[in-house]
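Please look over the sequence and the 3D structure shown here before reading on. The report is meant for a reader meeting both for the first time.

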Amino acid sequence: MKYFKYLVLGIAFGITLTKAEVVSWYRIYEMFKFQSFHMYGVIGSAVVLGIIITQIIKRTKMKSMSGDVIDIPPKKFSYPRYLIGGTIFGLGWAMTGACPGPMFILVGNGFLVMLVAIASGLLGTYVYGRLRHRLPH
Amino acid sequence: MLEFINQPWPWWVAGPIIALVMFSLLYFGNNFGVSANFRNMCSMLGGGKSCEFFDFDWRKQTWNLVFVLGTVIGGFIAAQFLMLETQIGISEATKSDLVGLGIANPGAEILPPEIFSFESLLSLKGIIIIIVGGFLVGFGTRYAGGCTSGHAISGLSDLQPASLLAVVGFFIGGLAMTWLIIPSLYTL
């Protein structure tokens with residue numbers, strides 16, 4: 001039962017990204033072509049509200065459900081990791097039109113071929129795990 | 001109300017809901033990051049035996065795997081009960097660009113059927129887009145330590161310079177693919 005709330009959140013996320021067409025390959029192509037405000041509106045409004053929420057959490061030292069102060073760990077800054085890793089992901093994102101969330105949501109939408117993309121994504125993550133000591137971070 | 005739900009949702013509905021999902025996960029003592037599940041699944045499938053990166057107790061990440069299961073169910077519910085039409089409201093400019101790339105009815109369905117089907121896996125174009133594309137997503141997200149949810153939403157919300165750099169990377173890759181590679185790839 002303690003996992004039920006995560007299931008509900010996932011369902012809300014899956015419905016929202018489907019209904020707002022974020023899972024559509026066309027919307028991602030259109031975004032990278034700068035031909036519509038839609039995707040920028042989705043991500044931008046999420047970030048603006050997210051900044052407000054995060055600031056409130058930090059300034060009020062808000063407690064989580066379990067009573068501990070909510071901890072948002074900072075990410076260690078470096079150039080190669082985020083720039084190279086981010087670029088590789090960006091290439092795949094524009095190609096498949098799906099970041100990891102939409103890949104799973106599209107399976108629910110009935111596009112079972114996305115299971116192949118997910119399997120390939122698992123392999124990509126595994127290969128990263130094997131090579132990571134040799135990559136610049 | 002029902003009429004509103006059945007229409008495509010505007011950005012100003014979707015964005016705030018995504019932010020609230022992020023907040024709920026923080027409130028429950030976790031964080032918002034879908035791509036971490038690729039790593040969790042590698043661990044679940046026994047990847048820890050051959051690679052220490054996957055040698056951790058994935059059961060502690062069960063909440064995130066349940067979240068992903070929920071997203072699949074959410075996609076199913078939306079597709080089955082909440083879509084009066086699947087027409088995607090992309091701009092006319094986008095449609096005409098895509099017709100030029102050989103996509104017959106851009107926006108008629110969620111995904112271009114010419115590419116996202118099992119039959120297309122028999123063609124070089126389909127193999128590259130689905131299999132190589134999926135691989136790049138899995139490799140790149142873990143290298144960068146997050147995807148759209150972890151960096152573009154959670155990281156930017158926390159004003160993390162690392163996430164801003166990651167998002168710059170997402171766009172370098174995405175723009176290069178869309179403007180330089182897709183025109184030749186999709187007309188293969």
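The sections below describe a predicted model, going from the contact between the chains to individual helices and loop residues.

## The contact between chain A and chain B

The contact between the two chains draws 108 residues from chain B and 99 residues from chain A. On the side of chain B that touches chain A, at least two residues each come from helix 2 (11-27), helix 3 (36-44), helix 4 (62-81), helix 5 (92-100), helix 6 (124-144), helix 7 (148-157) and helix 8 (161-185) of chain B. Among these, helix 8 of chain B gives the most, with 18 residues. Sorted by class, the residues on this side of chain B are 73 nonpolar, 31 polar and four charged.

## Two helices that cross between the chains

One pairing across the two chains can be followed residue by residue. Helix 6 (residues 114-131) of chain A packs with helix 3 of chain B at an angle of about 80°, and their axes are 9 Å apart. Because of that angle, helix 6 of chain A is roughly perpendicular to helix 3 of chain B. From helix 6 of chain A the contact involves A:Gly121, A:Leu122, A:Thr125, A:Tyr126 and A:Gly129, while helix 3 of chain B contributes B:Phe38, B:Arg39, B:Met41 and B:Cys42. By class, this contact of helix 6 of chain A with helix 3 of chain B has five nonpolar, three polar and one charged residues.

## The two domains of chain B

Chain B is divided into domain 1, covering residues 1-84, and domain 2, covering residues 117-188. The C-alpha centres of these two domains of chain B lie 18 Å apart. Where they meet, nine residues of domain 1 of chain B are in contact with 10 residues of domain 2 of chain B. Helix 2 and helix 3 of chain B are the elements that give two or more residues to the domain 1 side of this contact, and that side has five nonpolar, three polar and one charged residues.

## Covered helices

How many residues of helix 2 (residues 25-32) of chain A are buried? Eight of its eight residues are, and helix 2 of chain A is accordingly described as mostly covered. The buried residues of helix 2 of chain A are A:Trp25, A:Tyr26, A:Arg27, A:Ile28, A:Tyr29, A:Glu30, A:Met31 and A:Phe32. Their cover includes helix 3 (38-59) and helix 4 (79-96) of chain A, together with helix 5 and helix 8 of chain B.

In chain B, helix 7 is largely enclosed by the rest of the structure, because 10 of its 10 residues are buried. These buried residues, which include B:Thr148, B:His151, B:Ile153 and B:Leu156, pack against helix 3 and helix 5 (100-108) of chain A, as well as against helix 2, helix 6 and helix 8 of chain B. Just after helix 7 of chain B, B:Leu159 takes a positive phi of about 50°. Helix 6 of chain B is also mostly covered, with 15 of its 21 residues buried. From its first C-alpha to its last, helix 6 of chain B reaches 28 Å, close to the 30 Å expected at 1.5 Å a residue. Just after helix 6 of chain B comes B:Gly145, with a positive phi of about 75°.

## Loop residues of chain A

Setting aside residues up to four places away in sequence, A:Val23 touches several residues, including A:Leu17, A:Pro102, A:Ile105 and B:Ile110.

Two other loop residues of chain A are exposed and have a positive phi. A:Phe34, in the loop between helix 2 and helix 3 of chain A, has a phi near 55°, a positive value in a residue other than glycine. A:Phe34 is exposed, with 11 other C-beta atoms within 10 Å. A:Lys61, in the loop between helix 3 and helix 4 of chain A, has a phi near 50°, again a positive value in a residue other than glycine, and A:Lys61 is exposed, with 8 other C-beta atoms within 10 Å.

Definitions and conventions. Residues are numbered from 1 along each chain as its sequence is written. Chains are lettered from A and ligands numbered from 1 in the order in which they are written. This is a predicted model: local features need pLDDT of at least 70, side-chain atom pairs count only at pLDDT 80 or more; totals for chains, interfaces and linings use all residues. Two residues are in contact if their C-beta atoms, placed from the backbone, lie within 7 Å. Helices (H or I, at least four residues) and strands (E, at least two) are DSSP runs, numbered from the N terminus. Ala, Val, Leu, Ile, Met, Phe, Trp, Tyr, Cys and Pro count as nonpolar, Asp, Glu, Lys and Arg as charged, and the others, Gly among them, as polar. Domain bounds come from an automatic or database domain assignment. Axes are lines fitted to C-alpha atoms, for helices over the stretch in contact, and angles run from 0 to 180 degrees between N-to-C directions. Angles under 35 degrees count as roughly parallel, over 145 as roughly antiparallel, 65 to 115 as roughly perpendicular and the rest as oblique. A residue is buried if 20 or more other C-beta atoms lie within 10 Å of its own, exposed if 12 or fewer, and partly exposed in between; C-beta atoms are placed from the backbone. The expected span of a helix is 1.5 Å times one less than its number of residues.
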